[in-house]
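Visitor: I am new to protein models. Please show me one. Then let me ask my questions.

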Amino acid sequence: MSNNFFAAQALSPLWEERLASENKQRRHDKRTVFQRDRARILHSAAFRRLQAKTQVLGAEHSEFYRTRLTHSLEVSQIGTGILAQLKDKQPEFRPLLPSTSLLESLCLAHDIGHPPYGHGGEIALNYLMRNDDGFEGNAQTFRIVSLLEPYTESDGMNLARRTLLGLLKYPALLSETRRFSLPPDVSEFRHLRASEWHPAKGLYRDDLDRFNWVLAGMTEQDAELFTRLKRQPNDNHHGKTEFKSLDCSIMELADDIAYGVHDLEDAIVMGIVQRDQWQETVASKLAECGDPWLEANISHLSEQMFGAHYERKDAIGALVNTLLTSIAIEPSLQDGVNSFDDPILQWNARLTDVMHGVLAVLKAFVSEYVVQKPELQIIEYKGQQLVMGLFDAFDADPRRLLPVPTRELWLKDVADGKSGRRVIADYISAMTDGYAQRLHATMFTADSQGPMYQIR
């Protein structure tokens, strides 16, 4: 396949359009559309707040742990590494691949919708919003960049259509992907089981207009296929979307690699993961994974992983490189038949089957021995309870307790015939772990230091 193939299928100029027209006074500005998008994300308040939001280990417990911010920076670095590899291995795709600025934009922004206390906060908000379309971190990311972040009056960061497309990991409405019947309500917040309230994946119905605007960049046939769900009629599990754009597929791989490898590094350094656990659950499997290099070197990598700091860094880098260099661009439809019209949708970046299995082993290990560790789940549970307490108070008396700007948004929402709870969820989900904890103490603890003020 030659560059001429993609030249003949020139990308639509619609992908560089913004929802709202702009007349920015920028003297001699030579930046591309996507360089400007990257700047908007990098300088946003939502991005800065990631420095104090939990990744896997509690953000307030140590300055060493990776936060959502450092995780996002590492995802960006891995993502640009994947991009460089693809340009070298498959140069025929260069006209189609995203620019470095575009891919960095997606990697930096992919987590800005996550609430305080990670999945504990997400589960809390999803339960409390159960009658109002639920809550989900990726949906909140789309809402922030397209509506909430005050770069514009009412269009968020006003990012280009292709940038928004790249952030659509799950291009469907939550009301369509959500299970058909929800678990019963709990009589008290402490009785809520997290396993029953993991959110569906998708977008809020409140953001349908902006979702449709993104889809307007593709043909009607592409839009219908792109939003198709995998779902059985009588299956009461959350439904899943099938497709994502090429740009999104690269970002998602970078995110998975960062989670499976870099979060593992934190756990080893802090003594959460032991050598025998690694050997039994990971090294023994990678020694028979089917990749000659990894099979030959896993014993040495294991020694390094639990050796001196510089040795561990070398082993972590080797694992990342092994995964990163095993990615190639393939047709987005698994049967090899490209039914999409737009080349951005026709192709996805994928790991080889062997390396997909290797990454699955690493991610499963981090999930079982790090994320699900009772000591960490207690911290997540604390955050879950804290977020539920804040939401319950604001929902009970919003006119009295909400900050003035948020109260005005709540009043407008109610005047439009809505419950106002989406505004409360927006307010709480934007909080950092520390701010949420201090606000909770101010509201519910007798020896609190007094009122708090948040710079919006």
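Guide: Helices (H or I, at least four residues) and strands (E, at least two) are DSSP runs, numbered from the N terminus. The model is predicted, and residues are numbered from 1 along each chain as its sequence is written. Local features need pLDDT of at least 70, side-chain atom pairs count only at pLDDT 80 or more, and totals for chains, interfaces and linings use all residues, while side-chain values use heavy atoms, without hydrogens or water.

Visitor: At roughly what angle do the axes of helix α7 and helix α10 cross?

Guide: Take α7 as residues 137–148 and α10 as residues 208–215. Their axes (lines fitted to C-alpha atoms over the stretch in contact, with angles from 0 to 180 degrees between N-to-C directions) come within 10 Å. α7 and α10 are roughly perpendicular (65 to 115 degrees) to each other. The crossing angle is roughly 90 degrees.

Visitor: Which residues in α10 does α7 meet?

Guide: Contact means heavy atoms within 4.5 Å. From α7 come Phe142, Arg143, Ser146 and Leu147. By class (Ala, Val, Leu, Ile, Met, Phe, Trp, Tyr, Cys and Pro are nonpolar, Asp, Glu, Lys and Arg charged, the others, Gly among them, polar), the contact of α7 with α10 has four nonpolar, one polar and two charged residues. On the α10 side, the residues are Arg210, Phe211 and Val214.

Visitor: What do the buried residues of α10 pack against?

Guide: Buried means under 20% relative accessible area, exposed over 50%, and partly exposed in between (1.4 Å probe, protein chains only). In α10 the buried residues are Arg210, Phe211, Trp213, Val214 and Leu215. They pack against α7, α8 (161–166) and α11 (220–226).

Visitor: What volume does the largest cavity have?

Guide: On a 1 Å grid over the protein atoms alone, a cavity is a set of points where a 1.4 Å probe fits but cannot get out, and lining residues have an atom within 4 Å of a point. Volume is the space filled by probe spheres set on the points, which are joined across faces, edges and corners. There are four cavities of 30 Å³ or more. The largest has a volume of about 60 Å³.

Visitor: Which helices each supply at least two residues of its lining?

Guide: The largest cavity is lined by Leu19, Val145, Ser146, Asp155, Asn158, Leu159, Leu164, Arg210 and Trp213. Five of these residues are nonpolar, two polar and two charged. The helices with at least two residues each are α7 and α10.

Visitor: How much space lies in the second largest cavity?

Guide: Its lining includes Asn126, Arg178, Glu196, Trp197 and His238. The classes are four nonpolar, three polar and three charged. The space is about 50 Å³.

Visitor: Which residues lie nearest the centre of the second largest pocket?

Guide: A pocket is an open set with protein on both sides within 12 Å along at least five of seven lines. This one has a volume of about 940 Å³. α3 (45–48), α7, α20 (404–415) and α21 (421–429) each supply at least two lining residues, and the lining has twelve nonpolar, five polar and 15 charged residues. Of its 32 lining residues, those nearest the centre are Leu147, Leu148, Glu149, Leu409 and Asp426.

Visitor: Which residues does glutamate 252 touch?

Guide: Glutamate 252 is found in helix α12 (residues 246–269). It is buried, with a relative accessible area of 15%. Leaving out residues up to four places away in sequence, glutamate 252 touches Lys169, Tyr170 and Lys244.

Visitor: What phi does aspartate 133 have?

Guide: Most residues other than glycine have a negative phi. Aspartate 133 is found in the loop between α6 (118–128) and α7. Aspartate 133 is buried, at 17% relative accessible area. Although it is not a glycine, its phi is positive, about 85 degrees.

Visitor: Is arginine 193 buried or exposed?

Guide: Arginine 193 sits in the loop between α9 (174–177) and α10. From C-alpha to C-alpha, arginine 193 and lysine 53 are 22 Å apart in space, and 140 residues apart in sequence. With a relative accessible area of 57%, arginine 193 is exposed.

Visitor: What separates the C-alpha atoms of alanine 84 and leucine 97?

Guide: Alanine 84 has its place in helix α4 (residues 68–89). It is partly exposed, with a relative accessible area of 46%. Leucine 97 is 13 residues from alanine 84 along the chain, and their C-alpha atoms are separated by 10 Å.

Conventions
Parallel < 35°, antiparallel > 145°, perpendicular 65-115°, else oblique.
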